[in-house]
Amino acid sequence: GLSLAERLWAAQQTAEASGLPATAAYYAAALQAQAGAAPASTPRLQAIARFASTIARDPLAADRQALLALQDDGLTPAEIVLLAQLIGYVAYQLRVAAGVAALDALGPAPAAAEPADGASDAAPFVHPANLPPPGQALRINGYTSETLGWRAWLPVVDPATATPLQQAVLDASHPKARTSDFYLLLVHQPRVLEERSAAFNAIMYAPGGLARAERELATAAVSRVNGCVYCLSVHAQRFEQLAKRNDVIAQLFQDPETAGTSARERAIVQFALALTRQPGTLSAASLLPLRQAGLSDLEVLDAIHASALFAWANRLMLNLGEAVLPD
């Protein structure tokens, strides 16, 4: 597929466009060590840099025509999948680095205070009368909690003719991977898909740390601000299933800037938005509301990883295909 120099060049362009000069310098140094200099400019390399910079800045900015343009400049479907995965990975990586640096600058959390004697439990939840019950479709502002389909813009792998490695990775990735355009496209690069699936599962499902529902809330907030209708529908559903309510999801659909039914939820949403939009300006002050809302350092670290992960996931969904609405 892509040469190592092309990969490092794309990573550098992604980091520069994301406003993370330290990460860009890291990849520039790796490129210098590997190739001695940036690769000679060619239409193919220009296309790689243009696509990487565009997607890094705005995951909604590229469409099917952008993929066809890459093909016109000589990239195969497998190379385009690799490029998309690489851009998504670096978008994730640099946000984790920014988040961890901000957490380090914030310093260790103070010892937890003992609960006050006689503290009352929170009031029981009452489902808002204006919303459908969890499990029923929620539709606001063009966003939905319905189950959507997804259609690839590039040829997918035929499971019947897949290599043994591709077969094994499909089986390990998802129970429906053999009928999913998403997995059948990504399995053009089976080793990359295997590593990506391992990272996804560890971040979203590992025990301890941030509650599962709150991880889903963070990913839904990122998907909302990135405009990924498909990812937002999936993780809105998962939040509802775990939390048994959809009030904060309705708020996200309506206006992510004010979403959250508690200080803790609002802090998680606002952090996810900040990390998504401007990772280069993240600071200790960006994390302070999370700490003030009661999140431990481990929970904050989970919020960083979950929010950063969907800089990767949204870019794959938005730039390699399109959501398909139910009939």
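The following dialogue goes through a predicted model, asking what stands behind each label.

Trainee: What are the ground rules for the numbers?
Mentor: Residues are numbered from 1 along each chain as its sequence is written, and side-chain values use heavy atoms, without hydrogens or water. As this is a predicted model, local features need pLDDT of at least 70 and side-chain atom pairs count only at pLDDT 80 or more, while totals for chains, interfaces and linings use all residues.

Trainee: How many helices and strands are there, and what makes a run count as one?
Mentor: The chain has 14 helices and 4 strands.

Trainee: Why is Thr-23 called buried?
Mentor: Buried means under 20% relative accessible area, exposed over 50%, and partly exposed in between (1.4 Å probe, protein chains only). Thr-23 is at 10%, so it counts as buried. It lies in helix α2, residues 21-35. Beyond residues up to four places away in sequence, Thr-23 touches Ala-15, Gln-93 and Leu-94. A contact means heavy atoms within 4.5 Å.

Trainee: What makes Lys-244 exposed?
Mentor: Its relative accessibility is 60%, so Lys-244 counts as exposed. Lys-244 is in the loop between α10 (229-243) and α11 (247-254). Its phi is positive, near 65 degrees, in a residue other than glycine.

Trainee: Which other residue besides glycine has a positive phi, near 55 degrees?
Mentor: Asn-141. It sits in the loop between β1 (139-140) and β2 (143-144).

Trainee: How do you know that the span of α1 is close to the expected one?
Mentor: The expected span is 1.5 Å times one less than the number of residues. Helix α1 (residues 4-17) has 14 residues and reaches 20 Å from its first C-alpha to its last, close to the expected 20 Å. Just after α1, Gly-19 takes a positive phi of about 80 degrees.

Trainee: Why is α1 called mostly covered?
Mentor: Count its residues: 11 of 14 are buried. Among them are Leu-8, Trp-9 and Ala-15. The cover includes α2, α3 (43-57) and α5 (77-106).

Trainee: Is Arg-315 buried or exposed, and how do you know?
Mentor: Arg-315 has 4% relative accessibility, so it counts as buried. It is found in helix α14, residues 297-320. Leaving aside neighbours within four places in sequence, its contacts include Ile-55, Ala-91, Arg-95 and Asn-226.

Trainee: What share of the whole chain is buried?
Mentor: Buried residues make up 49% of the 327.

Trainee: How much of the contact set joins residues at least 24 apart?
Mentor: The share is 73%, among contacts between residues at least 6 apart in sequence.

Definitions and conventions: Helix = DSSP H or I, 4+ residues; strand = E, 2+ residues; numbered from the N terminus.
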